[in-house]
Amino acid sequence: MHEFSISSEIVRSVLDAAGKNKGKKVLSIQLEIGELTHLNGEQVAFWVHELFKGSVAEGAEVKIKTTKARIHCKACGYRGGMESDQEDSFRHLMPLTCPRCNGIQIRAVKGRECILRRIQVAR
Amino acid sequence: MKIIKTKGPEIFDIELGKDLLAKNKKLAKENRKRFNRSDILAIDIMGSIGSGKTSLIKAIIKRLGMGKKVAVIAGDLTTTIDAERIEAEGALVIQVNTGKECHLDANLIRRAADSMNLDGVKVLFIENVGNLICPGEFPLGAHKRLVVTSVTEGPYTLLKHPYIFREADVIVLNKIDLAKPMRVSIPQLEKDAQKINSQIPFIKTNALSGIGISKIINALGLKT
């Protein structure tokens with residue numbers, strides 16, 4: 001639902017970086033969206049394309065990679081994926097307990113980010 | 001010797017590695033530190049449109065009876081209706097109008113806190129924009145996050161929006177007096193809540209009559 005505001009932020013960052021580097025055309029951008037975010041890649045790509053129109057980035061390819069979640073348990077030291085999570089419909093959610101020790105002192109170390117990794121420009 | 005150079009465009013990568021959600025998280029941490037320094041307990045109240053967020057805050061404030069030691073940041077798109085309703089309870093209130101944005105963010109909370117005189121304030125309620133999707137992803141720096149849902153939203157709200165309930169510290173089911181006419185099963189909603197987040201309190205309330213309000217006060221660690 002907030003894909004639009006995030007997309008606006010992405011477009012601002014892309015045009016800013018292109019401008020600073022005297023890029024005449026942005027050819028592609030690479031994004032990494034964590035699977036624990038509530039961002040839908042398809043919608044982000046749509047808005048970024050729309051917002052690029054009329055700028056040096058118009059028509060640029062938007063490549064999106066989904067980042068797998070990784071969790072860390074403070075109690076037992078587990079570091080890894082969250083494969084143990086119950087049902088399909090809950091897969092984008094943080095598990096509540098550690099898959100190894102069932103403790104609750106877990107936190108996400110990866111999967112909650114939306115990173116603008118790099119852009120390719122022509123000068 | 002004559003050298004002929006090709007004149008194609010020069011293509012290069014610009015490495016950015018910029019996390020667009022990180023800025024909000026950083027500001028949220030700063031807000032939290034600020035609340036801690038001033039010994040303020042901040043509570044983010046989230047829930048859908050018409051779930052009873054304002055009524056619940058009003059009822060809690062009334063029960064606390066702490067006057068201007070309670071402050072409220074009321075988030076809404078354009079109106080001041082909520083702020084005026086809360087002000088009637090004697091708390092310090094500021095309205096934040098997000099305009100088009102579907103959630104409050106940490107920067108808006110920082111600006112609101114800057115513009116308030118929080119001296120002597122012990123509890124700060126932040127009423128988020130009515131929405132069960134976006135606010136979950138934008139921490140504000142509050143110590144606790146409470147999500148209100150009501151039986152008038154029908155039987156599936158919890159299952160449809162597990163994300164925000166998973167992020168919560170307290171789940172409130174409001175308008176329990178209307179369960180029968182709405183043909184909604186409270187035990188079933190409680191089961192759904194258990195499935196999503198079994199480790200936090202699930203409190204049944206009727207904000208207008210005051211049922212369940214003291215349970216919320218206990219769950220949030222507010223002293224009466």
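**How chains A and B meet**

The side chains of R118(A) and E15(B) meet in a salt bridge, with N and O 2.6 Å apart; the term stands for a side-chain nitrogen of Lys or Arg within 4 Å of a carboxyl oxygen of Asp or Glu. This is a predicted model, in which local features need pLDDT of at least 70 and side-chain atom pairs count only at pLDDT 80 or more, while totals for chains, interfaces and linings use all residues. Residues are numbered from 1 along each chain as its sequence is written, chains are lettered from A and ligands numbered from 1 in the order in which they are written, and side-chain values use heavy atoms, with hydrogens and water left out.

Between chain A and chain B, the count is three salt bridges. Helix 1 (3-20) and strand 6 (114-122) of chain A are the elements that give two or more residues to the side of chain A that touches chain B (helices, H or I, of at least four residues and strands, E, of at least two are DSSP runs, numbered from the N terminus). Strand 6 of chain A gives the most, with nine residues. In all, 37 residues of chain A are in contact with 31 residues of chain B, contact meaning heavy atoms within 4.5 Å. The area buried between the two chains is about 3,200 Å², with 60% from carbon and sulfur atoms; buried area is the accessible area (1.4 Å probe) that two parts lose on being put together, summed over both.

Over all chains, the whole structure holds 16 salt bridges. In one salt bridge, E167(B) pairs with R112(A), their closest N and O atoms being 2.8 Å apart. E167(B) lies in the loop between helix 6 and strand 7 (170-174) of chain B and R112(A) in the loop between strand 5 and strand 6 of chain A, so the pair joins two chains.

Strand 5 of chain A provides the largest share of the lining, five residues.
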